[in-house]
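Please work through the following exercises with the sequence and the coordinates at hand. Each task is followed by a solution in steps.

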Amino acid sequence: MHADHKRPVLAIVGALAFLALAGLAPGGALAQEDRPVEATGFGGQVFVRMDVPEERASAVLGEIAALEAQSELSERDYIRLGELNASIGRFQDAIAAFGRGLEAYPDSYRLRRHRGHRLINVRELDRAITDLTQALELMPDTPDPEIRLAGDSYGTYQHWIWYHVGLFHYLNADYDRAADAYQNAVDTAPTEGLVIGSTDWLWNAAMRAGDAERAAAALTRVPETLPDAANQAYARRVQLYQGRVEPEEILDIDKPEWTGGDITIAYGVANWYAFNGDAEMAERIYRRIVETPFWSAWAFVAADRDLSR
């Protein structure tokens, strides 16, 4: 029992007040200028909390309130509390929840993995690598399945810790170390979809490191025929790197509004153009990516970093 993380039980009135403070009173979503600041981009741009449909936000905030009302939270409860906040764009609240969890469970590599992830979302890279490095030191050798909010298993903590270590090094232009970390992510990926996603970043890191041979070798891990359940955006990117599709087959550059899936594909396409000598097209796509509202997506984070250099 961890007496230091017991919390007072919230009354029904308290839970309703919690929802009201979250901006969900009648009248719809908050205006852009009234939303809390969640992050500052690498180039100084301020990012505010993303708009979320009111019905979905209300349901998630209700679950958050129920968790907060418990007198004692388990490690898993703190992880859920943080990820629920992140799922509705409340990244700073998510980071704070993981921090409270670490006060109660100071040796948790799981909480460090999740906080490190969200710290990268908000561009706090130094804090992120501290968490992720400690998570590497604390994690066991035996694979530990990671459970998503929906209750299903999605990869392992070993895989995701290495994945985000790789992303940290990639964003800091330490591409050899990024490739090494992504190789570990590939090696610990329990599903074909996760192999594909990690292989994609491994290829990009190796290409930026000037190691075309390593990049080409990485692509041999991905089969020509991909399962339907594979990570489709990354799968299309990998097919481009393999020379099996053309960029215009997987991305409409002139589409008026890009979705989150579009920008994921777009970042790989932009890098492909850069590696093939068309820096102008690459920059055009990077700039299109950062014009979208999906500032926490890895494609946006990476393009934001590229354009800030």
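The model is predicted, so local features require pLDDT of at least 70 and side-chain atom pairs count only at pLDDT 80 or more, whereas totals for chains, interfaces and linings use all residues. Residues are numbered from 1 along each chain as its sequence is written, and side-chain values use heavy atoms, with hydrogens and water left out.

**Exercise 1.** Describe the packing of helix α6 against helix α7.

Step 1. Helices (H or I, at least four residues) and strands (E, at least two) are DSSP runs, numbered from the N terminus. Helix α6 covers residues 125-138 and helix α7 covers residues 157-171.

Step 2. Two packed helices are described by the angle between their axes and the distance between the axes. Axes are lines fitted to C-alpha atoms, for helices over the stretch in contact, and angles run from 0 to 180 degrees between N-to-C directions. For α6 and α7 the angle is about 145°, and the axes lie 10 Å apart.

Step 3. The crossing of α6 past α7 is left-handed, that is, the near helix is turned anticlockwise from the far one by less than a right angle.

Step 4. With contact defined as heavy atoms within 4.5 Å, α6 contributes L125, I129, L132, A135 and L136, while α7 contributes I161, W162, H164, V165, F168 and L171.

Step 5. These contact residues of α6 and α7 comprise 10 nonpolar, 1 polar and no charged. In this classification Ala, Val, Leu, Ile, Met, Phe, Trp, Tyr, Cys and Pro are nonpolar, Asp, Glu, Lys and Arg are charged, and the others, Gly among them, are polar.

**Exercise 2.** Identify the side-chain partners of D144 in polar contacts.

Step 1. D144 is found in the loop between α6 and β3. Its relative accessibility is 12%, therefore D144 counts as buried (buried means under 20% relative accessible area, exposed over 50%, partly exposed in between, with a 1.4 Å probe and protein chains only).

Step 2. A polar contact is a pair of N or O atoms within 3.5 Å; within protein, one must be able to donate a hydrogen and the other to accept it, and residues adjacent in sequence count only if both atoms are side-chain atoms. The side chain of D144 meets that of Y109 at 2.6 Å and that of R110 at 2.8 Å.

Step 3. Beyond its neighbours within four places in sequence, D144 is in contact with residues including G155, T156, Y157 and Q158.

**Exercise 3.** Is R115 buried or exposed, and which side chain does the side chain of R115 join in a polar contact?

Step 1. R115 belongs to helix α5. Its relative accessible area is 17%, so R115 is buried.

Step 2. The side chains of R115 and D131 are joined by a polar contact of 2.6 Å.

Step 3. Not counting residues up to four places away in sequence, R115 touches I95, F98, G99, L102 and D131.

**Exercise 4.** Determine how strands β3 and β4 pair.

Step 1. Strand β3 (residues 145-147) and strand β4 (residues 153-156) pair in the antiparallel sense over 2 bridges; pairing requires that DSSP finds at least two bridges between the strands.

Step 2. I147 has S153 of β4 as its bridge partner.

Step 3. The hairpin has 5 residues between the strands, and G151 takes a positive phi near 100° there.

**Exercise 5.** Locate R123 and state its phi.

Step 1. R123 lies in the loop between α5 (109-121) and α6.

Step 2. Most residues other than glycine have a negative phi. R123 has a positive phi, near 70°.
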